[in-house]
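This report describes the fold and packing of one protein chain. Please consult the sequence and the model while reading.

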Amino acid sequence: MGKCLRAALTLMIILPLLSGCWDRQELNQLGITLGLGVDRDGDLIKVSAQVVVPNVVSKSQGGKGVPVTQYEASAHTLLEAIKKLSETSPRAIFMSHIRVLVFGEEFARKNGIYDTIEALIREPSVRPDYYVMVARKTTASSILNSLTALENIPAEKLFNTLDLSSKSWAPTTTVTSDKLMQYILTPSMSPVITGVEIIGNTEIGEKMSNIESIKPPALLHFNGLGIFKKDMLIGWLNEDDSKGYNYIRDNVKTTVGPTKCENGGYVTLKTLRSSTKHSVKMVRGEPQITVKTELISTVGSVDCNVQIGSMEAIRKVEQQSEERLIKLMKGTVDLVRSKYHVDIFGFGQDIYHKYPKFYKKEEKNWDKYFQNLDIKYEASVKIRRIGTLDDSFQKKAKE
């Protein structure tokens, strides 16, 4: 009897401690949010949540209609606006699966993005591995409202397209919220975010008819890199300058680039590998940065009359590519120094790691010091393969 009593008392003590899944939520009570947009609404913050419609995307149920719906609410703070979405959404907004965070251009220019990023990072249910982008010349709401082909969920389309483009095309790059926060908080380091815009008819882009034709009337298109000063958007880089930035920051994985031939036409090189390193040394008491980029390439196409099979021709193409690459990187730095006056390349951090005492003296006025920083550029392009053809048949084909 004593053993039974002890066992009963033990269970009475232990059972209250076994709380189980105290925060359990049923799947049919959640609105799975894949895209979040942030815009200005007067003095308020407008939040747009792209929520999956389960019975449409489910193969077993085979529902018809738009695969996502969008809820919007405005409030003084981000989290207040997200909670306010419950006024229209029949399900609780569940943000653990967010793929993209889109800032409207006006919001990024006038409000800044720091408070939003910090609020989402503080939220324990939100993972920081989503991609951040800026809606160029439009609102985040309009970007998330656009229906897309191939990927029927626009947020998935944005994530997958940017992920693919950053790995195969030099002008775009990805940044996650945790990396972005690191850039914002790092002294003498201004962040850069890829821009996305709508090409075509915005109104039709929000309708099912947008994905019912071979050539959609409206397309989501990544275009340029947005330059920030701390957390405020101050301008944009065009395609060439975006390439130069990504080469300097060692963001390029693979890409293609044309080299002009002397007699007209181009030789297009496919970059197989790219590597950029920064080195710092003191020259007459001042730091000098050397940016060295090395490319391993192959000949993709020959659109001019060049005997590409000869070593002399290959070396000439390599030299021209090296000159073009140096011009590209130098042009980007010169533009940023003259127009935006911020260090987006991390040169200040390079000096800090090598000469911390010198950097500390210039830290408070780094953007001003950056204007006259001595920067050297080096490029090495090696063509490893020329494809299955030695020479172009262009001359014979046109005779």
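Which residue takes a positive phi in the hairpin of E1 and E2? Gly42 does, with a phi near 70°, in a hairpin that has two residues between the strands.

## Basis of the description

This is a predicted model, in which local features need pLDDT of at least 70, side-chain atom pairs count only at pLDDT 80 or more, and totals for chains, interfaces and linings use all residues. Residues are numbered from 1 along each chain as its sequence is written, and side-chain values use heavy atoms, with hydrogens and water left out.

## Overall dimensions and composition

The chain contains 15 helices and 13 strands; helices (H or I, at least four residues) and strands (E, at least two) are DSSP runs numbered from the N terminus. The C-alpha trace spans about 95 × 60 × 55 Å along its principal axes. Of the 399 residues, 46% are buried, where buried means under 20% relative accessible area, exposed over 50% and partly exposed in between (1.4 Å probe, protein chains only).

Among contacts (heavy atoms within 4.5 Å) with a separation of 6 or more, 71% are made by residues 24 or more positions apart.

## Strands E1, E2 and E3

Strand E2 (residues 44–52) has antiparallel partners in E1, through eight bridges, and in E3 (residues 68–75), also through eight bridges. Two strands count as paired if DSSP finds at least two bridges between them. Ser48 of E2 stands opposite Gly37, and its bridge partner in E3 is Glu72. Seven of the nine residues of E2 are buried.

## Nonpolar cores

The largest nonpolar core has 47 residues, and Ile344, Phe345, Phe347 and Leu373 have the most contacts inside it. Such a core is a set of buried Ala, Val, Leu, Ile, Met, Phe, Trp, Tyr and Cys residues joined through side-chain atoms within 4.5 Å. Helix H11 (residues 311–340) gives the most to this core, with nine residues. Beyond its neighbours within four places in sequence, Ile344 is in contact with residues including Met189, Ile227, Tyr245 and Val336.

A second, separate core has 38 residues, among them Val47, Phe107, Val126 and Tyr183.

## Helix H5

In helix H5 (residues 114–122), the buried residues are Thr116, Ile117, Ala119 and Leu120. Seen down the helix axis, they fall within an arc of 165°, so they line one face of H5; the arc is that of the directions from the axis to the C-beta atoms. The face turned away from this buried side carries the exposed residues Asp115 and Arg122.

The elements against which the buried residues of H5 pack include strand E1 (30–41), helix H3 (78–84) and helix H8 (177–185).

## The open sheet E10 to E13

Four strands form an open sheet of mixed pairing, in the order E10-E11-E12-E13. Strand E10 (255–260) and strand E13 (374–385) stand at the edges with a single partner strand each, so one side of each has no neighbour in the sheet. The twist averages 40° from one strand to the next, with axes as lines fitted to C-alpha atoms and angles from 0 to 180 degrees between N-to-C directions.

Strands E11 (residues 266–283) and E12 (residues 286–302) run antiparallel and are joined by 16 bridges. Ser275 stands opposite Glu294 in E12.

Gly264 lies in the loop between E10 and E11 and counts as partly exposed, at 33% relative accessibility. Not counting residues up to four places away in sequence, Gly264 touches Asp303 and Cys304.
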